[in-house]
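Please examine the sequence and the three-dimensional structure shown below. The report that follows describes the protein as a whole and then turns to selected residues.

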Amino acid sequence: MKDSPHAPHSARPELSIRIATSLGLAGGTLNEVDIDDLSVSDTVMETLEDISANIISKNPEAEAGLKAYWIEKSDELVLCAASEGNLHLVRVPGSHWAVKPHTYH
């Protein structure tokens, strides 16, 4: 994993298992990371905007929570927008994301 001041954790193991199964990563480990600690490429942002527009077009009242998971044993990240029981997954190659630098006071 990229150097991060926050240790990865799986606060929602049932969701990470569902994501891993959906992506054919059964048996692999997904670790939730704080979305606020990440920066992603413009391409990934455009994809997330498209997913948001799709969710809202189907249900203007819908709320989608965005979660990020680092795929252990790779540099990949999975972004997951969960809305009304549906998962919208974006698999992000290591070259399209990074951990933001932190300033310590």
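How many salt bridges does a search of the whole structure find? The search finds 1 salt bridge, a term that stands for a side-chain nitrogen of Lys or Arg within 4 Å of a carboxyl oxygen of Asp or Glu. This is a predicted model, in which local features need pLDDT of at least 70 and side-chain atom pairs count only at pLDDT 80 or more, while totals for chains, interfaces and linings use all residues. Residues are numbered from 1 along each chain as its sequence is written, and side-chain values use heavy atoms, with hydrogens and water left out.

**Overall organisation**

The protein has 2 helices and 6 strands, which are DSSP runs numbered from the N terminus (helices: H or I, at least four residues; strands: E, at least two). Along the sequence their pattern is α-β-β-α-β-β-β-β. Of the 105 residues, 32% are buried; buried means under 20% relative accessible area, exposed over 50%, and partly exposed in between (1.4 Å probe, protein chains only). Contacts (heavy atoms within 4.5 Å) can also be sorted by separation in sequence. Among those with a separation of 6 or more, 57% are between residues 24 or more positions apart.

Side chains of opposite charge can pair when their charged atoms come close. Here the partners are Arg 91 and Glu 76, at 3.1 Å from N to O. They link distant parts of the chain, 15 residues apart: Arg 91 belongs to strand E5 (residues 86-92), and Glu 76 to the loop between E3 and strand E4 (77-83).

**A residue in strand E3**

Ile 71 lies in strand E3 (residues 65-71). Leaving aside residues up to four places away in sequence, Ile 71 touches Leu 25, Thr 29, Leu 30, Glu 76, Val 78 and Arg 91. Leu 30 is 41 residues from Ile 71 in sequence, yet the two C-alpha atoms are 4.8 Å apart.

**Accessibility compared**

Asp 42 is in helix H2 (residues 42-58).

| Residue | Relative accessible area | Class |
|---|---|---|
| Ile 71 | 7% | buried |
| Glu 76 | 24% | partly exposed |
| Arg 91 | 38% | partly exposed |
| Asp 42 | 63% | exposed |

Why does Ile 71 count as buried? Ile 71 counts as buried because its relative accessibility is 7%.
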